[in-house]
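Please read the following account with the sequence and the three-dimensional view side by side.

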Amino acid sequence: MSKTKGFRAQHDDLLKVVTEISTHLNVNELSNDATEVRRLLSLLFGKLNVHLSMEDNALYPKLLEHSDERVKSMAKRYMDEMGGVGKAVNAYKDKWSTASLIQKNPSGFIEQTKGIFDALAKRITKENNELYKPVDEL
């Protein structure tokens, strides 16, 4: 069994929620009622927090102790990059913390949501294709 199977499954779960939220990114729908989207965002952020915690507590410490300097360097780079993504996600969460805030500016919400989702999808792809490959080979 792959050492990163659980992390990859979490990525799949995150992307499923992103896809579900994306079906609601409509100005008319959101200006009338953003309750479902806000609920789904809470679900997404809960899953993301669990995933990041598992990476921070189980994956990165092992990689940072690896004997191969390339693996250590990659782990450090990924951790540093995630700090920037994390700040953007936290700012987004704060800005769109309620359904009423989303309803007041649905176009701004949609634009920022697409940006956050794009960054998240790119990060997931990068982890699946670059970071997890050497982990599975350990």
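Leu138 lies in the segment after α6, where helices (H or I, at least four residues) and strands (E, at least two) are DSSP runs numbered from the N terminus. The model is a predicted one, in which local features need pLDDT of at least 70 and side-chain atom pairs count only at pLDDT 80 or more, while totals for chains, interfaces and linings use all residues. Residues are numbered from 1 along each chain as its sequence is written, and side-chain values use heavy atoms, with hydrogens and water left out.

With a relative accessible area of 42%, Leu138 is partly exposed. On this scale, buried means under 20% relative accessible area, exposed means over 50%, and partly exposed lies in between, as found with a 1.4 Å probe and protein chains only. Leu138 touches Lys3, Leu63 and His66, not counting residues up to four places away in sequence; a contact here means heavy atoms within 4.5 Å. Leu138 and Val71 are 67 residues apart in sequence, and their C-alpha atoms are 10 Å apart in space.

The chain as a whole may now be considered. Its secondary structure comes to six helices and zero strands, so that the order of elements from the N terminus is α-α-α-α-α-α. Taken along the principal axes, the C-alpha atoms fill a box of roughly 55 × 30 × 20 Å. Of the 138 residues, 38% count as buried. Among contacts between residues at least 6 apart in sequence, 74% join residues at least 24 apart.

The surface and the charges complete this overview. The protein chain exposes about 7,700 Å², of which carbon and sulfur atoms supply 54%; accessible areas come from the Shrake-Rupley method with a 1.4 Å probe, and for residues only the protein chains shown count as cover. There are 21 positive and 20 negative side chains, and the centres of the two sets lie 1 Å apart. In this count Lys and Arg are positive and Asp and Glu negative, whereas His and the chain ends are not counted. The place of each charge is taken as NZ of Lys, CZ of Arg, CG of Asp or CD of Glu.

Helix α4 covers residues 69–95. The expected span of a helix is 1.5 Å times one less than its number of residues. At the N-terminal end, Asp68 caps α4: a side-chain oxygen of Asp68 lies 2.8 Å from the backbone nitrogen of Arg70.

Which residues of α4 are buried? They are Val71, Met74, Ala75, Tyr78, Met82, Gly86, Val89 and Tyr92. An α-helix has 3.6 residues a turn, so residues three or four places apart point the same way. What covers the buried residues of α4 includes α3 (35–64) and α6 (106–137).

Met74 counts as buried because its relative accessibility is 14%. Met74 touches Glu130, Leu131 and Pro134, leaving out residues up to four places away in sequence. Met74 and Glu130 are 56 residues apart in sequence, yet 9.1 Å apart in space, C-alpha to C-alpha. Lys95, also placed in α4, counts as partly exposed because its relative accessibility is 42%. Neighbours within four places set aside, Lys95 is in contact with Leu101 and Gln112. The C-alpha atoms of Lys95 and Leu25, 70 residues apart along the chain, are separated by 17 Å.

Arg123 belongs to helix α6. Is Arg123 buried or exposed? Arg123 counts as buried, because its relative accessibility is 8%. Apart from neighbours within four places in sequence, Arg123 is in contact with Tyr60, Tyr78, Glu81 and Met82. With Tyr60 there is a polar contact between side chains, at 3.2 Å. A polar contact is a pair of N or O atoms within 3.5 Å; within protein, one must be able to donate a hydrogen and the other to accept it, and residues adjacent in sequence count only if both atoms are side-chain atoms.

Finally, His24 is placed in the loop between α1 (5–22) and α2 (27–32). His24 counts as buried, at 17% relative accessibility. Residues up to four places away in sequence aside, His24 touches Glu29, Leu30, Glu36, Val37 and Leu40.
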